[in-house]
Amino acid sequence: MSLLQQLFWGSLVLILCLILETMILLLCAKTLRRFSLSFHTSIKPRHTTVLIFISLAYVLFAHTLQVWIWSSGFVLSGALPDWNTAVYFSLVTYTTLGYGDVILGPGLRIFAAFSAVTGLLGFGISTAFLVGAIGKVFVLSEEVRSDT
């Protein structure tokens, strides 16, 4: 791939991944709202645990989906020979570990770097979401406790 093609396709996949992550986190927020309303006025520690688990499950799903999207790009472009290598490379690149045992040719290195950028942005968005969501869960559980 040429430099412009790598920039174009890398940007496109990055944008797709971040749109999907945003949609998944919005769905998570809706789910958390629904569950917290079903607890009425008695938020117990087990309810808090359920809400945190739901948040973490959605975030894990969002990141796993993005790794699979990047893996698909590497397999479909012919950059990596099989799914096992592609998923491994995508996961290592997405998390910015970059072990270096699997290396792409010069025609796809910039495209692969977009996977790392996606991971950095995705982890930042997820962290902000989790801080906000879990903070609200704890505030809600404290408000219920102080009312009783």
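Biologist: Which residue follows α2, and what is its phi like?
Modeller: Gly78 follows α2. The phi of Gly78 is positive, near 80 degrees. Bear in mind that this is a predicted model.

Biologist: And α2 itself, how far apart are its end C-alpha atoms?
Modeller: They are 46 Å apart. Helix α2 covers residues 45–76, which is 32 residues. At 1.5 Å a residue, the helix should span 46 Å, so the two values agree.

Biologist: Switching to the surface. Which residues gather in a patch of positive charge?
Modeller: Lys30, Arg33, Arg34 and Lys136.

Biologist: Which helix gives the most to that positive patch?
Modeller: Helix α1, residues 3–38, with 3 residues. Arg34 has its place in α1.

Biologist: Is Arg34 buried or exposed?
Modeller: Exposed. Its relative accessibility is 53%, and the cut-off for exposed is over 50%.

Biologist: What about nonpolar side chains? Which ones form a patch on the surface?
Modeller: Met1, Phe8, Trp9 and Leu12 do. Together they have about 400 Å² of accessible area.

Biologist: Where is Met1 placed?
Modeller: In the segment before α1. Met1 counts as partly exposed, because its relative accessibility is 38%.

Biologist: New topic, Thr118. Which helix is it found in?
Modeller: Helix α4, residues 109–147. Thr118 has 0% relative accessibility, so it counts as buried.

Biologist: How many residues apart are Thr118 and Gln5 in sequence, and what is the distance in space?
Modeller: They are 113 residues apart in sequence. In space, the separation is 17 Å, C-alpha to C-alpha.

Key:
Residues are numbered from 1 along each chain as its sequence is written. This is a predicted model: local features need pLDDT of at least 70, side-chain atom pairs count only at pLDDT 80 or more; totals for chains, interfaces and linings use all residues. Side-chain values use heavy atoms; hydrogens and water are left out. Helices (H or I, at least four residues) and strands (E, at least two) are DSSP runs, numbered from the N terminus. The expected span of a helix is 1.5 Å times one less than its number of residues. Patches are made of residues with over 30% relative accessible area and no salt bridge: like charges are joined within 9 Å, nonpolar side chains (Val, Leu, Ile, Met, Phe, Trp, Tyr) within 5 Å. Accessible areas come from the Shrake-Rupley method with a 1.4 Å probe; for residues, only the protein chains shown count as cover. A salt bridge is a side-chain nitrogen of Lys or Arg within 4 Å of a carboxyl oxygen of Asp or Glu. Lys and Arg count as positive and Asp and Glu as negative; His and the chain ends are not counted. The place of a charge is taken as NZ of Lys, CZ of Arg, CG of Asp or CD of Glu. Buried means under 20% relative accessible area, exposed over 50%, partly exposed in between (1.4 Å probe, protein chains only).
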